[in-house]
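Here is a short report on selected features of one structure. Please keep the sequence and the 3D view at hand while reading.

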Amino acid sequence: MDILYKIFIEPFVFMGEAPDLLIQTLWEGLVSGILYALIALGFVLIFKASGVFNFAQGIMVVFSALILVGLYEQGVPALLALLLTGGAMLILALTVERVVLRPLVNQPDIILFMATFGLTYFLIGFGELIFGGSPKEMITSELYLPQGTTEVEMLGGFVRFQHLDIAATVIASIMIGLLAVFFSKTRIGRALRAVADSHKAALSVGISLNQIWVIVWFAAGIVALVAGIMWGARAGVSFSLQIIALKALPVLILGGFTSIPGAIIGGLIIGIGEKLGEFYWGPLVGGGIETWLAYVIALLFLLYRPQGLFGEKIIERI
Amino acid sequence: MLYREAGQFKTNYVADRAIFPLREDRIGLGLIVLVAYSLAFLGNDFLLQAVLIPFLVFSLAAIGLNILTGYTGLLSLGTGAFMGVGAYACYKLMTAFPEVNVIVWIFVSGFFSAGIGALFGLPSLRIKGFYLAVATLAAQFFLQWCFIRIPWLVNYNVSGALEAPLRTLFGIPIVGATATPQTRYLVVLTIVIVLTWLASNLVHGRIGRMWIAIRDMDLAAELMGIRPLQTKLLAFAVSSYYCGVAGALLVFLWYGGAEYDVFNINQSFFILFMVIIGGLGSLIGSFFGAALIFIMPIVLGIVLPAIFEPLGIPIAAETIEHLRFMIVGALIIFFLIVEPHGLARLWQIGKQKLLVWPFPY
Amino acid sequence: MRAPDHPILAKGDVLLAVENVSLGFGGVKALTDVSFDIRKSEIRAIIGPNGAGKTSMLNCINGFYYPTEGSITFQGLKRPKMRPYEAARGGIARTFQNVALFKSMSTLDNIMAGRSIKMRSNFFWQLFRHGPAMREEVEHRKVVEEIIDFLEIQHIRKTPVGRLPYGLQKRVELARALAMEPELLLLDEPMAGMNLEEKEDMSRFIIEVNQQFGTTIALIEHDMGVVMDLSDRVVVLEYGRKIADGTPDEVKRDQRVIDAYLGVAH
């Protein structure tokens, strides 16, 4: 009985007793949720346009942040470094298209998925070889990102808002909005969706697969760069960020691989669920449950709805 | 005329269903086993400890994953964690019941990871492809968390690490600090041979056909009366059994002690890479893949400094590790593009060429 | 394996009865209130224009879809929700419109896989590939060889099926279904994409299966000549509804069938 009380009653009593802490936890969950959503968007972008589930998206986040910081450390001015990093992501997109995607056109999805594992490991090795394995500091103030905190008195306590988090939320929301418009309203957006449905069919109506792929991988690279700057500013730039980036996978499972609103809502559910779980229920089992809670939430959810939150019911044919 | 099919007629179905129908193959296999055993006496400690024992351990884990991913077509990213379950179970069993021989516990510990594997395999009925892969990440992270957070698993050891206590077989130490690489190699080799033989029996019989049927066309398989859930769970259980035993061997017969970090997600990926490069759905490929992925960095570690250090360019150990990541990544892409069936297919093509040699066909 | 708990049926008894079956996916109705029966040892054809719901009907019969309404009675037993593997174990086998073979396996292994439900040696014998496991392997191999002889595919016994031409793949698929020794064999367009000679071979096999083993056959086919020659009775679907049912001659004269196939002058 005692354990049931601790699981089902006590955390809620605590929430009620200290609403300021609840708000604080929700806010932190919201920020990380938005950032998960941003990383997840990188996956969605590539998946929609090429049917490739790009496992390397997480490492692209780290890789782009490393290039940015690395360039700055070499004495390149921050804004120019930002531009150059964008260029580097374009080169990456071109290379991936030429070396990985083009030879694997029309292969089963799972083969392309595994190819992105290869890409992930290549980029990890390459990144560490050039930039070293030690964590780096993100050039937050040089990029004119706000720092500091505001404390707001509410509900009988203080809730702290990091300015950086506010900025991250705003920037991520703008990016998400832009991408949504890009996908639904532009000509390229329509072509992207055609390619996702069928490589062959898209080719036959004269859509250039290669171009489309370069565009989406570049766009995903830019999304990764933004995500990398934001996460890097919060947690430092190192390869352990990759583990955070993997959290985008359960987000995608919740939201579905092709849905932009799905990625956002999935991100928020995972971000907030994870923070609440860690803060209120984590101590019961010794803490640290943040490492797996997201996956378990996604797993349980999948058992209930294999097609995700917004996916259509799958009708199998034979 | 060394390798020919001609003249070997099968007069009954038993001979035709043999796993190695060719006499030359059987002789070759016998020779390999013989050489493997004699290496225990010919090889030095470095060869045994740093090359052969880990090669065998990883081959076993790769066979395990190959049963799941290669034969049944279910992609798993939780191999490392399933290996960990075997290692921790083995540790608990051998410290709780020290009077029972450790070999018994190594085999029994696999059942624990089989159980856990089957549990995490349950979602496979409803989810497929990369959805399932993500679900297995839940196993990876959750189990790894258990290894860290449950001190009971390491008998409340302050270091939090698994340590191999002294255990003997016929009075000779095989586990623990005093066990020589030679005896440990012999134990590992024997276990790997036995388990490979059993795996080969399984995949060539009814169960193997059911696994492949599920992989190739799951809907058709179900419409033929193959129960998808049971078949997939069996694959998860058998696969995890092999991984679990491999994990126990890794800690107690190779490392001699280990921390939870050995069973992290990178381990899962490297085993998967062994399977992809070696050949999905091939037991011999698992050995090839393990050899390539594991032995390559050792070779790099010897070759690179030999080339660059005379030129005045020092090569750090990390550099080799980084290069290993790059090369492995590139190899994965290369194999997926050029030969999706991996080294095993190259081996098969080689054998077919040899069958008709010196003629092209 | 369950014991046969169904009555033994004589030739001409109703083997399978489809009663008022409807099937919908969301808003789309694939089948509406369809009823017909299949009698023991007959060849029953299901015909209709594209999209008439023929394959959906087969999918309902072997448990791949559940009817939204109505019921299906097989061997005198009304089945509520039946999983496909249960249908298979109950004696329903089928082939597929788009060949669904196990591509990486040889012809022999594909057919052996079809025997899976008949094999029962346990896991531990399988592990050692000895005793009952090996005996069973040989025993079933003999049966499989008979099927191979019957369908004249000896020469491709050890070829991976992925490399076979389409016509032979269809034949291997029939072999795999026969290996299940079914009571009811469902053939989904067994002759699609075949040339005349291959069609003649396939027709011959279908008739021989029916006559030699007494297997009840339900087939979907577009080639009217084949349908009229082979089948004892024909059911015609259009837009998910049954529009005619009877002997080939009756159906051929039915005005609604003629309209469905040739179009109606408006």
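## Sheet, helix pair and interface

Strand β1 (residues 14–25) of chain C pairs with strand β4 (residues 69–74) of chain C in the antiparallel sense, over five bridges. Leu16(C) has Phe74(C) as its bridge partner in β4(C). The model is a predicted one.

This pair belongs to an open sheet of four strands in chain C, ordered β2-β1-β4-β5. The pairing in the sheet is antiparallel. At the edges stand β2 (28–39) and β5 (77–79) of chain C. Each has a single partner strand, so one side of each is left without a neighbour in the sheet. On average, neighbouring strands of the sheet are turned by 20° against each other, direction ignored.

Now the whole of chain C. It holds 10 helices and 10 strands. Along the principal axes, the C-alpha atoms of chain C fill a box of roughly 70 × 40 × 40 Å.

Helix α12 (residues 283–308) of chain B packs against helix α13 (residues 317–338) of chain B at an angle of about 135°. Their axes lie 10 Å apart. The angle makes α12(B) oblique to α13(B). The crossing of α12(B) and α13(B) is right-handed. The table lists the residues that make the contact.

| Helix | Residues in the contact |
|---|---|
| α12(B) | Ile293(B), Met296(B), Pro297(B), Leu300(B), Gly301(B), Leu304(B) |
| α13(B) | Ile320(B), Leu323(B), Arg324(B), Ile327(B), Val328(B) |

By class, the contact of α12(B) with α13(B) has nine nonpolar residues, one polar and one charged.

Last, the interface of chains A and B. Here 41 residues of chain A are in contact with 34 residues of chain B. Which elements give two or more residues to the side of chain A that touches chain B? They are α5 (109–131), α11 (248–255) and α13 (290–304) of chain A. The most comes from α5(A), with 17 residues. The residues on the side of chain A that touches chain B divide into 31 nonpolar, seven polar and three charged.

How values were computed. Residues numbered from 1 in each chain as written. Chains lettered and ligands numbered in written order. Predicted model: local features only at pLDDT ≥ 70, side-chain atom pairs only at ≥ 80, totals over all residues. Axes fitted to C-alpha atoms, helices over the stretch in contact; angles between N-to-C directions. Parallel < 35°, antiparallel > 145°, perpendicular 65-115°, else oblique. Left-handed = near helix turned anticlockwise from the far one by under 90°. Contact = placed C-beta atoms within 7 Å. Nonpolar A, V, L, I, M, F, W, Y, C, P; charged D, E, K, R; others polar. Pairing = 2+ DSSP bridges.
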